[in-house]
Amino acid sequence: MEPASTEKLLEAFEILDPENKKYLTKEYFGKLMAEEGEPFTQEELKAMWPVAIDPITGNIPFTFYINQLKHKAKIYDIAEVIKEELAQAEREKGKKPQQTLF
(Lines give C-alpha, C1' and ligand atoms only; values in the text may rest on other atoms or scores of the structure.)
Protein backbone atom coordinates (compact mmCIF):
# COMPACT_ATOMS: atom_id res chain seq x y z
CA MET A 1 0.00 0.00 0.00
CA GLU A 2 1.48 3.34 -1.05
CA PRO A 3 1.51 6.15 1.53
CA ALA A 4 -0.72 9.12 0.80
CA SER A 5 0.84 12.09 -0.97
CA THR A 6 1.50 15.33 0.86
CA GLU A 7 -1.33 16.94 -1.08
CA LYS A 8 -3.82 14.21 -0.10
CA LEU A 9 -2.82 14.43 3.56
CA LEU A 10 -3.23 18.21 3.54
CA GLU A 11 -6.61 17.89 1.83
CA ALA A 12 -7.76 15.41 4.49
CA PHE A 13 -6.63 17.65 7.35
CA GLU A 14 -8.31 20.67 5.77
CA ILE A 15 -11.61 18.74 5.65
CA LEU A 16 -11.20 18.07 9.38
CA ASP A 17 -10.55 21.79 9.97
CA PRO A 18 -13.62 23.59 8.54
CA GLU A 19 -12.83 26.72 10.58
CA ASN A 20 -9.41 26.95 8.85
CA LYS A 21 -7.50 27.20 12.14
CA LYS A 22 -4.57 25.25 10.61
CA TYR A 23 -4.46 22.90 13.60
CA LEU A 24 -6.47 20.18 15.28
CA THR A 25 -6.76 19.66 19.01
CA LYS A 26 -5.19 16.57 20.52
CA GLU A 27 -8.58 15.49 21.85
CA TYR A 28 -10.37 15.80 18.49
CA PHE A 29 -7.60 14.19 16.45
CA GLY A 30 -7.11 11.44 19.04
CA LYS A 31 -10.84 10.66 19.01
CA LEU A 32 -10.81 10.42 15.20
CA MET A 33 -7.71 8.23 15.15
CA ALA A 34 -9.08 5.90 17.85
CA GLU A 35 -12.63 5.58 16.52
CA GLU A 36 -12.64 6.04 12.73
CA GLY A 37 -11.30 3.92 9.89
CA GLU A 38 -8.66 1.49 11.10
CA PRO A 39 -8.50 2.59 14.75
CA PHE A 40 -5.19 3.35 16.43
CA THR A 41 -4.48 1.68 19.76
CA GLN A 42 -3.61 3.78 22.80
CA GLU A 43 0.02 2.66 22.38
CA GLU A 44 0.05 3.85 18.75
CA LEU A 45 -1.44 7.20 19.75
CA LYS A 46 1.12 7.56 22.54
CA ALA A 47 3.93 6.95 20.02
CA MET A 48 2.43 9.46 17.57
CA TRP A 49 1.95 12.39 19.97
CA PRO A 50 5.60 13.48 20.32
CA VAL A 51 5.81 13.95 16.55
CA ALA A 52 2.33 15.42 16.05
CA ILE A 53 1.82 17.78 18.98
CA ASP A 54 3.28 21.26 19.25
CA PRO A 55 4.72 21.29 22.79
CA ILE A 56 3.89 24.97 23.26
CA THR A 57 0.24 24.97 22.22
CA GLY A 58 -0.64 21.32 22.80
CA ASN A 59 -2.35 21.26 19.39
CA ILE A 60 -1.48 19.50 16.14
CA PRO A 61 -0.43 22.06 13.51
CA PHE A 62 -1.10 19.78 10.57
CA THR A 63 1.23 21.32 7.99
CA PHE A 64 4.12 20.79 10.42
CA TYR A 65 2.92 17.27 11.22
CA ILE A 66 2.66 16.36 7.54
CA ASN A 67 6.20 17.64 7.04
CA GLN A 68 7.39 15.48 9.93
CA LEU A 69 5.66 12.42 8.48
CA LYS A 70 7.15 12.93 5.04
CA HIS A 71 10.71 13.86 5.98
CA LYS A 72 11.64 12.50 9.38
CA ALA A 73 12.77 9.08 8.18
CA LYS A 74 14.84 10.63 5.41
CA ILE A 75 16.69 12.86 7.86
CA TYR A 76 17.66 9.87 9.98
CA ASP A 77 18.69 7.94 6.87
CA ILE A 78 21.00 10.80 5.88
CA ALA A 79 22.45 10.92 9.40
CA GLU A 80 23.26 7.20 9.22
CA VAL A 81 25.05 7.68 5.87
CA ILE A 82 27.10 10.56 7.27
CA LYS A 83 27.94 8.55 10.37
CA GLU A 84 29.15 5.64 8.22
CA GLU A 85 31.18 7.96 5.95
CA LEU A 86 32.92 9.47 9.00
CA ALA A 87 33.67 6.01 10.38
CA GLN A 88 35.05 4.89 7.01
CA ALA A 89 37.28 7.97 6.78
CA GLU A 90 38.65 7.24 10.26
CA ARG A 91 39.29 3.58 9.35
CA GLU A 92 41.18 4.68 6.25
CA LYS A 93 43.39 6.86 8.45
CA GLY A 94 44.11 3.78 10.58
CA LYS A 95 42.23 5.06 13.59
CA LYS A 96 39.22 3.90 15.48
CA PRO A 97 36.10 5.91 14.63
CA GLN A 98 35.42 8.77 17.00
CA GLN A 99 32.09 9.12 18.73
CA THR A 100 29.69 11.29 16.76
CA LEU A 101 26.58 13.15 17.74
CA PHE A 102 24.42 10.95 15.52
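In α3, the buried positions are Leu45, Met48, Trp49, Val51 and Ala52. These residues lie on the same side of α3, because the arc that they cover around the axis is only 165 degrees. The helix itself spans residues 42-52.

The structure examined here is a predicted model. The mean pLDDT of the protein is 83, and 79% of the residues reach a score of at least 70. Among the elements, strand β1, formed by residues 24-25, has the highest mean pLDDT, at 97. The lowest mean, 74, belongs to helix α4, which covers residues 62-92.

The secondary structure consists of 4 helices and 2 strands. Read from the N terminus, these elements follow the order α-β-α-α-β-α. Of the contacts between residues at least 6 apart in sequence, 42% connect residues at least 24 apart.

The largest nonpolar core contains 14 residues. Within this core, the residues that touch the most other members are Phe13, Phe29, Met48, Trp49, Ala52, Ile60 and Tyr65. At least two core residues come from each of α2 (26-35), α3 and α4. Helix α3 provides the largest share, with 5 residues. Nonpolar side chains tend to be buried together in soluble globular proteins.

Trp49 is among the core residues that touch the most other members, and this residue is also one of the buried positions of α3. When residues up to four places away in sequence are not counted, Trp49 touches Lys26, Phe29, Gly30 and Ile60. Of these partners, Phe29 and Ile60 are themselves listed with Trp49 among the core residues that touch the most other members.

Across the protein, which has 102 residues, 21% count as buried.

An unreviewed UniProt entry lists residues 4-39 as "domain: EF-hand". In the model, the span of residues 4-39 is 58% helix and 6% strand.

Conventions. Residues numbered from 1 in each chain as written. Predicted model: local features only at pLDDT ≥ 70, side-chain atom pairs only at ≥ 80, totals over all residues. Heavy atoms only, no water. pLDDT = per-residue confidence, 0-100. Core = buried A, V, L, I, M, F, W, Y, C linked by side-chain atoms within 4.5 Å. Buried < 20%, exposed > 50% of the residue type's maximum accessible area, 1.4 Å probe, protein only. Contact = heavy atoms within 4.5 Å. UniProt positions renumbered as here; feature names shortened; annotations may be inferred. Arc of directions from axis to C-beta.
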